[in-house]
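Good morning. Please look at the model first.

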Amino acid sequence: MSVFSEVALAAPVAVFKLSQDFNNDQFPNKVNLGVGAYRTDEGKPWVLPVVKKVEKVIVHDDSLNHEYLPILGLPEFRSSASKIALGEDSPAIQEKRVGAVQCLGGTGALKMGAEFLRRFYNGNNNTKTPVYVSSPTWENHNAVFANAGFDDVRPYKYWDAANRGLDLAGFLGDLESCPAHSIFVLHACAHNPTGTDPTQEQWQLIAEVMMRRQLFVFFDSAYQGFASGNLDKDAWAVRYFVSMGFEMFCAQSFSKNFGLYNERVGNLTIVARDADNLKRVLSQMEKIVRTTWSNPPSQGARIVAVTLTSPELFSEWKDNVKTMADRVLLMRAQLKAKLQALGTAGTWDHITEQIGMFSFTGLNPKQVEYMVKERHIYLMASGRINMCGLTSKNIDYVAESIHETVTNVQ
Amino acid sequence: MALLKSNKVIYCLGNITPSLGVLSTRNSSWWGGLQMGPPDPILGVSEAFKKDSNPKKMNLGVGAYRDDQGKPFVLSCVRKAEAIISSKQMDKEYLGIGGLGEFTKSCAQLAFGNDAEVLKSGRNITVQTISGTGSLRIGGNFLSRFHGGPCDVYLPKPSWGNHTPIFKDAGMQLKGYRYYDPSTCGFDFTGALDDISKIPEQSVIMLHACAHNPTGVDPKPEQWKEISDIVKKRNLLVFFDMAYQGFASGDIDRDAWAVRYFVEQGHNILLSQSFAKNMGLYGERVGGFTVVCKDAEEAKRVESQLKILIRPIYSNPPMNGARIAATILNTPDLYSVWLGEVKEMAERIIRMREELAAGLKKEGSSKNWQHVIDQIGMFCFTGLKPEQVARLTKEFSVYMTKDGRISMAGVTSGNVGYLAQGIHAVTK
């Protein structure tokens, strides 16, 4: 008799199952538009040239070792990463009320923030505080907050399927009617999965309500630089909220903008009222880190820190980021143009209006199934495609496939 | 709608309901009522050490190996592996949730032995974890969610300080069984058996595979056999923590003996492994968590649930360290270099133990310091009381945890005499 005989077989995470199915498919013209990782025009992963350069330096530097990092991570990484989000000349940083925790990717940063909030926000261990995530959102958001102990993780209106844009009225309505002190997970830019971001004016409206109703701001910033190609532009919302005086969290990921996916490089930036509050927050963060992973992995953080703190490397990195963002913009433009040229039913402006790695095509589940089964083009059931999966070689096939699908399947 | 122009925020605290009165206290911050967290007892020692300006200061706190010059030691097999990896110019795509396959396979082989039945039958599931801590935490979370028995984890008294908060945060309760005998500075075998025989069935019992932390006191093989018998009788779920394989005796098979014996005896164990110490990969966070299941089918079910647990914590593990470890374990030349270097580290520790004991005798200490030699692994439970530890730190700038534990790795031929002086001074 086994202690685990009652353990059920869990369903695999959808996005990884999609990749698995793609890998097993023998069709020669198959296309993977699933997982959110950048691909070159040859359809290959891209290790950023600046990363290769820095890695070489690191591996040849005999003065470096593999000793434990401090619990909160590599200090140079934490501070330079926060500067990227908040801006070099951020008043909050100058006021010494910004701190950070190096975490395992964006997921790890969300996890640490969630664990902290559950323990210390809105009372002690208040598992009833509602956590709002956008509808739709990255599928792991729900699990991160639920597993951190929050009983009440709910959607806030975000995507207007009929108009293929932001449901601002619905969003603001949820902000007005939610319980006070609710936590809101906001996508800093390049909303995943819709690619639809609020405009600056819309962010201002959102911020006003959140301030007035004392809601907690938790930004998820996984695509800074990747959305528009410009780091500062992509950080506008985060910086606006900081300038408004919010105490807030920002979970940063360097998986995409540094291409460091598997090194798990993330940073939880904390903006507090003042240095004293910050100090106490960080001391409690240490305890949470200690029982989860003790201290974070050093390789990825080192690469990022070296890059961000060297003017030449920083400049080279920005170019690399722009290269990726520009290719995505090009694919967007071309896909829309081709669909329009084919006369595919519907409007396709959203392809170029949406921003970042993902596009919410508007394809329904039946159409998605057709794309996968009949055309061997792998995308999420939500209709989300990863623009990075498009290349100059497959874009015609994809455009034709979308055309055929929309025409034949309703 | 009016936009707030001012940078200074004034929360309307007067409107807050009484139950949230805590928010009205300090400086209108969410965290006004938040206390300062106490410094970590182990890592906090290093912080204090750094601030000390005494040139003779010694850091005997955290268990990180140092060479005889007191410097961190990067194993040459690690450097070689890094060069190989660098030349391959691999991509940085996400690993699967369970980690690097070449790593998890060889990680399990290292623990169980290459030809182990448990591996051949495929009834183990091994996932890559964030070193030992991450492994224990995943294990704790898994037990909390799926273990049908009591949610009690029985730790040896004493155990690694971080075990308790890890399992607590994972949702388990902690209890203890007698282990260390302060009167002998050795193993309280009868006490352990007595306590274990009373543990409620299906509870979880944690065993340190080798080089017990913090005491350095390990059961002998005959004692392990009796422990196995009583654990079986009580139908307890065994969770082994193996953070020092190779580091204890210098021999990786010898150090894994207890783990392998238990598996042979039919215990379907949980196992945490760390490569922080034995490969010197501390900051790369390399570890493994294994569940030995009834059969391969059960292993698949358990694996699927482990992935569900891991994903909302950090999605998937870091590549670098696992790649280094896998390269070493799977490249025969590097593997044999590694075995040699692990042996070298273990032997230096053993030498320092002998020199410390000899040094104390030379100082004229009348106390029995045999345990310094008998204990094994990185740590030595000196038997010093908290007041003596405090004096040792204050008067000699020797930093250690207040339970009297010293990391032998911090002892060198250059400072062992000074240490003997200090210990003698506070204990005479």
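I begin with chain B, where 18 residues of domain 1 of chain B are in contact with 21 residues of domain 2 of chain B; contact means heavy atoms within 4.5 Å. This is a predicted model, in which local features need pLDDT of at least 70 and side-chain atom pairs count only at pLDDT 80 or more, while totals for chains, interfaces and linings use all residues. Residues are numbered from 1 along each chain as its sequence is written, chains are lettered from A and ligands numbered from 1 in the order in which they are written, and side-chain values use heavy atoms, with hydrogens and water left out.

Together, domain 1 and domain 2 of chain B bury about 1,500 Å², with 68% of it on carbon and sulfur atoms. Buried area is the accessible area (1.4 Å probe) that two parts lose on being put together, summed over both. On the domain 1 side of chain B, the most area is lost by Ile376(B), Phe379(B) and Phe381(B), together 35% of what that side buries.

Now the polar part. Between the domains of chain B there are 0 salt bridges, a salt bridge being a side-chain nitrogen of Lys or Arg within 4 Å of a carboxyl oxygen of Asp or Glu. There are 5 residue pairs in polar contact, both residues at pLDDT 80 or more. A polar contact is a pair of N or O atoms within 3.5 Å; within protein, one must be able to donate a hydrogen and the other to accept it, and residues adjacent in sequence count only if both atoms are side-chain atoms.

Next, chain A. Its domain 1 is 14-46 + 325-408 and its domain 2 is 68-309. Their C-alpha centres lie 29 Å apart. Domain 1 of chain A brings 19 residues to the contact, and domain 2 of chain A brings 18 residues. The buried area between these domains of chain A is about 1,500 Å², and carbon and sulfur atoms give 63% of it. How many salt bridges and polar contacts join the domains of chain A? The count is 0 salt bridges, and 6 residue pairs are in polar contact, both at pLDDT 80 or more.

Methods
Domain bounds come from an automatic or database domain assignment.
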